[in-house]
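Reader: I'd like to go through this one feature by feature. Could you take me through how to read each of them?

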Amino acid sequence: MSGSNRLAGKLPPEFAHPVIDRTRPVRFRLNGRTLHGFEGDTVLSALLANGVHTAGRYAGNVIALDECTAPPIVLEGNENRPDLAMPMAICPAADSAAFISVGPRPAVAKTLAARFLPRRKDTLGLVYKSGSAEPGGWIDTEATRRITADVAIVGGGVAGLSAALAAARKGLRVCLVEKEATLGGLSVFFGKAEGEPVPEDTISELASQIGESGLITLSLGTVAFDIASSTVEAIRVLRSGALPQPERLSIRADTIVLATGMVGRMPVFSGNRLAGVDEASAAWRLAARYNIWPGGSAHIHSVTNVGYRMALLGAASGKSIIRASDPRIDPQTRFIEFCKAYGYRLGWGMAIGSVAPARRNGLAVHLANAENGTPDEEAIACDRLIVSGGWQPDLDLWLKASGPVAWDRKTQTLVADGDLHGVVLAGSVAGYLSLGGCISHGKAALETALDGEDRPVDDPRIDPIFDTPDGPLLVSRTDQHIAAFVAPGASSVVAPPVAHGWRRPAAAIATPLTGPLGPLDVVGEIIAQRLDPALAPALCAERCVVPRILQKANDATPFPAHVPEGIPLYLEHRFGADQVQWLLIPGEQRRFDPGCLVFANTDHRSPLDAVGVVLADEGGKVRALLKHLTMNAGDIVYLRDGLTTISARLGQPLS
C-alpha cells in the first residue's frame with residue numbers, strides 16, 4: 001500500500017506540510033500493475049511509496065528507481081506516440097489512469113521456470129542501455145504552446161523569486177518555471193543560519209509578492225530541458241479532464257536567468273546506486289514533499305554540515321538513526337552539536353568502503369578509514385543509507401546554452417567561467433551560499449543582464465572555526481561484484497583500481513565515455529582520475545547536449561552530379577600532354593565516385609598502371625580522363641572501385 005513507506009504520526013515542521021492530501025486516495029495502473037497513492041503524488045512518488053524502489057538492471061548491475069532512472073510514461077494506448085510521453089517525476093498520479101512506461105524494455109525470463117515465478121513487487125524489472133532512462137520523446141517534439149516574455153527565469157528558489165520580482169518592478173513581463181510542485185528550492189533544507197530570517201517565512205513572503213505582481217507567469221511542475229536561440233524549451237503535465245496530458249512549452253525571452261541552484265553529489269563506492277542509497281537533498285525532498293521515508297532505520301554519512309540535518313529530522317520523525325559517519329576529522333557545526341545532544345553515535349575520519357544488500361532485507365554498510373583505507377570490521381545493518389557528498393552548481397542548462405565552464409580544484413566543482421549573451425546565472429548556481437546572498441544576487445543578476453554592469457553582493461559566511469568547510473568527494477576501492485558509478489544517472493562504472501586509501505586513489509581503469517553527459521558525470525570522471533581537468537571545458541562543450549534524434553531535412557538537396565567543366569589543376573598532364581576526356585558506358589548499373597581509376601586490362605592494379613580516372617558519374621554513364629589510346633569507340637576498359645573491377649565500353653571522346 002502507499003502508506004507503507006510514508007511518515008506518520010507527529011512530524012517535524014519541515015515534514016508537516018506535504019503536497020499530498022491523505023484524505024483523497026487515488027488508484028492507478030502502471031504496466032498493468034495496480035498502485036495506490038494520494039492526490040498530489042506523482043507517478044514516481046507513488047511508486048516509491050508502494051515499495052517499488054528498483055528500476056531494473058544496467059549491464060548486469062541493479063540500479064535504484066529515482067529521477068535519473070524513472071522511464072518516460074504514456075497513457076495506455078499511446079505507446080506509439082512519443083510526442084505524448086511524460087516525465088514520471090512530474091506526471092500526477094491520476095485516479096483510474098492507466099500508464100505504460102516507454103524506453104527501457106522489461107527483462108525477459110531466461111528459463112522456463114523463471115517465467116512461472118511470481119513477479120517481484122519491488123522493481124520495475126526494466127533493462128537499461130545506459131545508467132539513466134532513455135530520452136523522452138518531448139525533446140524531439142514541436143512546442144504546443146509558445147510564450148513570449150521579456151524575462152524567462154528557470155528556478156523557483158529564493159534567487160529566482162528575487163530576480164522575477166526585480167524584473168516585474170521594472171514593468172517587464174516574466175515567465176518563471178520551476179520543476180518542483182512548490183517554491184523555495186533547498187533553502188529550507190539548509191536551515192536557518194544565525195543572523196538570517198527563517199527560510200520558510202522568506203519564501204512565503206516572496207511567493208506572496210509573486211502572486212500580487214500581475215506581470216509574472218508562474219509554472220510549477222515544469223522541467224526546462226534546453227536553451228537555444230533565446231528560447232527555453234520545457235515540458236509540463238496538465239490535467240485534461242481527469243487524465244494527465246503533456247504540454248510542450250517554448251518560452252522566448254530577451255533575457256534568461258538561470259537560478260537552478262545546486263545538485264547533491266554522491267561519493268564513488270561500490271553499491272552507490274543500490275536501492276536504499278539516497279543522496280541527502282533528494283531524501284529530504286521525498287520526505288518534505290511526499291512524506292516518503294522507506295524503512296525504520298538509517299545510517300547517515302556526510303562530508304557536509306547540512307547532511308547531519310537528516311539525522312535530526314529522521315529521529316524527530318520516529319526513525320532509528322543507527323550511526324553518522326564523516327571522513328573529516330572533528331568537524332564543527334551546530335547540526336553536529338545537536339546530534340551530540342541527542343546521543344547519536346558519531347564516527348570521524350570514516351569513509352564508505354562499500355554497500356551491499358543484506359542477507360534478508362536492507363543494506364550492509366561497510367566503513368573504512370578515510371586516510372589509509374583500512375576497513376572497519378563491523379558492518380552496519382540498516383534499511384537506508386543517506387549520503388551527503390557535497391554540492392555541484394546545477395550548470396546543466398548553462399552548458400546546453402553553450403556557456404563556458406572551468407574546473408575549480410579547491411571546491412572540486414565545475415563553475416561558470418565567462419559570460420553568455422542573453423543568459424545570466426543567479427544565486428547558488430553562481431556561487432552564492434547564504435540566504436541573504438542568494439536573494440540579493442537574484443536582483444543584482446537581473447540588473448546586470450539589463451545594463452551589463454556588475455554589482456557587488458554581500459554573501460556572509462559562518463567562520464570556519466564554527467562551521468567546518470565541506471570535505472572532498474571521495475573514491476573508494478571498488479568491489480569486483482558490485483558496481484561503483486561515477487555519478488547518479490551515469491553509465492560509467494569505475495573498475496577496481498589498485499589503490500591505497502581514498503584521498504589519492506590510483507587511476508581507475510578507463511572505459512569509453514558514450515552518449516551525452518551531465519555536469520555530475522564530468523565531475524565524477526575527474527574525481528576518479530579518469531579525466532584530465534584541463535579537458536573538462538572541451539568535453540562539456542562537446543557532450544553536455546540534448547540527445548535529439550537527427551532527422552533528414554525535408555528539403556534535402558539532391559546529391560550533386562555536376563562537375564565543373566575543365567580538368568582539375570592537379571590532373572593537368574596527369575596522363576600525358578595529349579590526354580582526353582571520354583564518355584564511358586559501364587557494364588553494370590552502379591555509381592562511380594570521382595577518383596576511381598581506369599585500367600586497360602584486369603591484370604593491372606597499381607595506380608601507376610592506370611590509364612585514366614573518373615571525373616564524374618552522369619547517370620548511367622561515366623565521364624573519365626584517359627591517356628591517348630590506340631582504341632576506338634566500343635572498345636573495353638576497366639573501372640576499378642575499391643576491390644571491384646567493372647568493364648566499361650568507350651562511348652565517345654568529349655574533347
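**Pocket, helix pair, barrel**

Author: Let's start with the second largest pocket: its lining divides into nine nonpolar, five polar and five charged residues. Here Ala, Val, Leu, Ile, Met, Phe, Trp, Tyr, Cys and Pro count as nonpolar, Asp, Glu, Lys and Arg as charged, and the others, Gly among them, as polar. Bear in mind that this is a predicted model, where local features need pLDDT of at least 70, side-chain atom pairs need 80 or more, and totals for chains, interfaces and linings use all residues. Numbering runs from 1 along each chain as its sequence is written, and side-chain values use heavy atoms, without hydrogens and water.

Reader: What volume does the second largest pocket have?

Author: On a 1 Å grid over the protein atoms alone, a pocket is an open set of points with protein on both sides within 12 Å along at least five of seven lines, and lining residues have an atom within 4 Å of a point. Volume is the space filled by probe spheres (1.4 Å) set on the points, joined across faces, edges and corners. This one comes to about 390 Å³. Of its 19 lining residues, the closest to its centre are Pro 82, Gly 103, Glu 134, Pro 135 and Gly 137.

Reader: At what angle do helix 3 and helix 10 pack?

Author: Helices are DSSP runs of H or I, at least four residues, and strands are E runs of at least two, numbered from the N terminus. Axes are lines fitted to C-alpha atoms over the stretch in contact, with angles from 0 to 180 degrees between N-to-C directions. Helix 3 (residues 158-169) meets helix 10 (residues 435-451) at about 40°, axes 7 Å apart.

Reader: And the barrel: in what order do its strands close?

Author: Strands pair if DSSP finds at least two bridges between them. Six antiparallel-paired strands close in the order 28-31-30-29-32-33, and the twist averages 45° from one strand to the next. Five bridges join strands 28 and 31, with Trp 582 partnered by Ala 624 of strand 31.
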